[in-house]
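Me: Please take a close look at one part of this structure and describe how its pieces are placed. Plain wording is enough.

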Amino acid sequence: MADAKSDPMDVADYIIVGGGSAGCVIAARLSEDPATRVILLEAGGEAGSFMVQMPAGFAKMLLNDRFDWQYEQLPDPSIGNRRFIWSAGKMLGGGSSLNGQVYIRGTRNDFDHWLQLGATGWGWDDVWPYFLRCEHWHGPANQNHGSHGPVAVSPMRDPHPLCAVFMDACAQVGLGELEDYNGGAMEGSFLTQATQLDGWRCSTEKAYLRDARKRPNLRVITNADVETIIMENSRAVGVSYRRDGQYETVRAAREVIVSAGTMGSPALLMRSGIGPADSLRESGIEIIQDHPEVGENLQEHPGVTQNKFVNRPTINSQLRPHHIMRDLVRFLWNRTGPLGAPAVQAMAMVRTHDGLEEPDAQIHFLPLAYNVEQDTISSAEAEMPKEPCVSIIASLTRPKSRGRIKLGADKRPVIDHQLLGDERDVASMVKAMKFVNGVFATSAMQQIIIGDRSPDPIPANDEEWTQYIRDKALVTYHPVGSCRMGADDRAVVDPQCRVRGIGGLRVADASIMPRITSGNTNATAIMIGEKVAETIRSGR
Ligand SMILES: Cc1cc2nc3c(=O)[nH]c(=O)nc-3n(C[C@H](O)[C@H](O)[C@H](O)COP(=O)(O)OP(=O)(O)OC[C@H]3O[C@@H](n4cnc5c(N)ncnc54)[C@H](O)[C@@H]3O)c2cc1C
């Protein structure tokens, strides 16, 4: 039922906007009931390309119009007015088809804090069963993991040899190795668990949608860019979308569920007249519901990299055609080597200073380096040095800085964020940088390091570190929070993810997170899809 024009089914019980990490889950789960008619509208295309399936293919898909929205950011004064292109998946599977495949849930405290923020029913004990329901764990038997769910999660198949050096260095600074970091507590070093099946990417398109779309009651329409939600008497009754230059509408007998991601969801609400009254007026949009927080509360993990020259081959020093051919053959033969690896292979969660309840920094080890220059607008287009290098990126797990999503002149989302807008984040990042410096100073690391690359020279005091941080800060592709869930009147959605003041309308994706979780965000977006689907099916 993939063709929009030949299909008479223009009315469904549920319309889902956005077939990403959360949207594919909701479409698949709701259509399990053969009596329920579901339409899934996705602005991007199919996700069958080899680049989507091969783990390292994301590097080629970034900044490619076919796969990546490349959302625009306003200059960020907290990092010297640099601005990034904020990548986001634009195809079935959304971010889960484009991302680095790191599987990480967050900590018990992350979700228990959501409870305190008014997200009733979203504490760790509440969300745990949904994490298990999503997952098919391919590692040794372990009670922290689900074994019957659709999303394949696998231990690292073939870690780069330098990951062992990183793990030794972590041990030398007192960080133990975690056997499993997905059980609710994360402090220590670990090798990545990846959303991969037999070494291939496992997106929600693959895990949930591919089989589900064979059902006659699920209609998937790709290249359908949803413009507005159709409202009647403060109730969502359908959507209008553009496909092949034509405008089409579909109607929802029960609900419209918006899963267009942290940038796409608030923008769609605003285009439909649900948002801050003043901004809507400025954009010439009729106000259906004054919702001051639509687009607000944007959060992202700010990251800063340090890198060193080393005496062993690394990925960036082996980007020559004969190496790539060798790696491709190796990947096709048994799905090992760099082309089969997730974006980050080894990590650590650390407390950068005493007195913290939980780790405040995530440390990402990369057997490669790339440049983050003053005027770089995307780390993906930054150059890689030819010499062997390693990097450690530190990102803050609980950033205090906040931003917002606005509508641009063309009514598309524009990001107005300050990565280091809160001085407390700058202070934490200085500590994180010194921690990373300590990891590089260990005897394990010193065996391979032959020179400083960035920073060079090493900053001598906090002031110099602060300047380095502002010059080099980067986005880590984990934006959340722009349609905040909560129990208060200003929250955009209630704990059932229903948009306040509007009937028949929910938001279900990373945008509802009241606070960013401690690590990468895909697992949580998938969990949100599972939980919201069950809420809907149970009639709440
Ligand atoms: C480059 C990159 C690397 C990442 N690496 C990791 C990682 O290694 N591990 C991890 O856990 N997380 C990672 N993430 C983050 C993670 O993938 C996201 O948090 C997650 O995918 C968000 O899911 P979502 O459902 O909220 O939105 P998305 O998955 O982005 O889904 C939104 C969907 O809506 C569609 N859409 C948007 N607007 C419209 C519209 N108007 N009409 C119709 N459809 C629309 C989009 O095309 C998309 O398919 C990464 C993200 C990126 C971009």
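Reply: Axes here are lines fitted to C-alpha atoms, and the angle between two of them runs from 0 to 180 degrees between N-to-C directions. The model is a predicted one. In it, helix H9 lies across strands S20 and S21 and runs at about 45 degrees to S20.

The sheet under discussion is open and has three strands, in the order S3-S21-S20, with mixed pairing. At its edges stand S3 (72–73) and S20 (404–407); each has a single partner strand, so one side of each has no neighbour in the sheet. In general, strands of a sheet pair through backbone hydrogen bonds, either parallel or antiparallel. S20 and S21 (residues 413–416) run antiparallel and are joined by four bridges. Within this pair, Arg404 stands opposite Asp416 of S21.

The axes of H1 (residues 21–30) and H8 (residues 204–212) come within 9 Å and cross at roughly 30 degrees. Angles under 35 degrees count as roughly parallel, so H1 is roughly parallel to H8. Their crossing is left-handed. Residues that make the contact include Cys24 and Val25 of H1 and Tyr208 and Leu209 of H8.

Terms used
Residues are numbered from 1 along each chain as its sequence is written. This is a predicted model: local features need pLDDT of at least 70, side-chain atom pairs count only at pLDDT 80 or more; totals for chains, interfaces and linings use all residues. Helices (H or I, at least four residues) and strands (E, at least two) are DSSP runs, numbered from the N terminus. Angles under 35 degrees count as roughly parallel, over 145 as roughly antiparallel, 65 to 115 as roughly perpendicular and the rest as oblique. A crossing is left-handed if the near helix is turned anticlockwise from the far one by less than a right angle, and right-handed if clockwise. Two residues are in contact if their C-beta atoms, placed from the backbone, lie within 7 Å. Two strands pair if DSSP finds at least two bridges between them.
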